[in-house]
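Let's take a walk through this structure, starting with a pair of charged side chains and ending among the nonpolar ones. Have the 3D view ready.

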Amino acid sequence: MGWAGRLFDARDTLVRTVLLDLSGVGYLVFGTQAGHPPTGTQWILAVAAFGVALLLHRRPVVNLVVQTALLAVAICLVDDIMINQVGASWALLEVTMRARRARTIWLAATLLAVVDLTDSIGDPPGKVASGVVGLALEVGVPVLLGLVIRTNRELSRQAVERTVAEQRRRESEGRAARADERSAIARELHDVVAHHVASMVLRVGVARHVLTDLDPRVDEVFDDVHGTGSAALSELRRLVAVLRDPDGVRGDAALTAIEPSALPAALGATVDRARRAGITVQADIDPAVGSLDAVRGLAVLRLTQEALTNVARHAGPSALAQLVVAVQDGAVHWEVTDDGRGSGRGGRPAVVPDGGGHGITGMRERVEVLGGRLEVGPTDTGWRVRAVLPHVGAASAAGKPVVSPPRVAPAGSPAPEPEPA
């Protein structure tokens, strides 16, 4: 309804009443005929009507009753009853707009009509007819306008409810679509990826028992491959569980975080595994990482696993890698560099397929969701990946969302295996 809708808003009753009172004062001062100024009685009845309207602006029914009583007195005492007629009509409008039951509206309209008709008692038929027309304006217009305003309010309320319901429906459909997508991904992981990994683990296990008199180094490789495959299967099972029922695993500490005290050991196990793969790793790990929160701790572990895996893939088993994890002023400074040895690419890995992998993308997303930044690029001799994870409080203050990662390595458990790029 635009400005009219705002003017007749239920919260602005006092504003409307003040405007009405000012209009009444203006009528008394400037609207009376020249030479016929308002009488003292007229002023008393007008001021009473103004005051009652202000005092009872939040109680429309009581205001109507008092205004109607003042109108009845004015009919008996004064000739110009315009102020009290308008006051009673406006009170009827407020009742019509705000009454909870229709019966209240019609009782109020009847009361005002009866009082107004008393002014026509004893008048000739022509004047009575004129009074009936005036009654239509005094009673009919306020009721009609009030009903229109009520209807518009109700339509607006219904429109808002429909909008909210439509938004909820879309959100529900979106959740259902995401659930279907998670289920589809879970099926693919279980039926395809997990099947092939299980087959690989089984064949390696068979090879370990069938092939005898192997070089100890080959036997160690078999053990490492078998252990890595078994750990990968465990990771896949946990990931499938998360995809199929995120709410069901949300309260499981084994799937949502990593024990801070387990982080140094997990990082050490990751470094040892990279060394067994042939990489020379120089690790400088700040002991303070053991006091990190679980979210950033798991992020550091995953970044390290991914980065060392990429060194093995792209720089070759004879590469020299340097891992630095430091905690300064609550922020975690993490960096992995390699010398590019064996790549033959002047320090830039080039064996990544044309389509690229998802390892760097996943690392960047993991860092950014914690409010940090990831830098990836070549150095003079090799490749460098580094990140800064701010303190949780600083990330929250900057407006960055901080979410829980999907799994944990409980204290004392074997370190999680490197994730594929």
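Find Glu 161 and Arg 157, whose side chains meet in a salt bridge with N and O 2.4 Å apart. (A salt bridge here is a side-chain nitrogen of Lys or Arg within 4 Å of a carboxyl oxygen of Asp or Glu.) The two residues sit four apart in helix α7 (residues 125-210), so about one helical turn separates them. Helices are DSSP runs of H or I with at least four residues, strands are E runs of at least two, and both are numbered from the N terminus.

This is a predicted model, where local features need pLDDT of at least 70 and side-chain atom pairs count only at pLDDT 80 or more, while totals for chains, interfaces and linings use all residues. Residues are numbered from 1 along each chain as its sequence is written, and side-chain values use heavy atoms, leaving out hydrogens and water.

Stay in α7: Arg 169 and Glu 173 are also four residues apart, and they form a salt bridge at 2.4 Å.

Now for the nonpolar side. The largest nonpolar core has 34 residues, with Val 300 and Trp 334 making the most contacts inside it. Such a core is a set of buried Ala, Val, Leu, Ile, Met, Phe, Trp, Tyr and Cys residues joined through side-chain atoms within 4.5 Å; buried means under 20% relative accessible area, exposed over 50%, and partly exposed in between (1.4 Å probe, protein chains only). Helix α12 gives the most to this core, ten residues.
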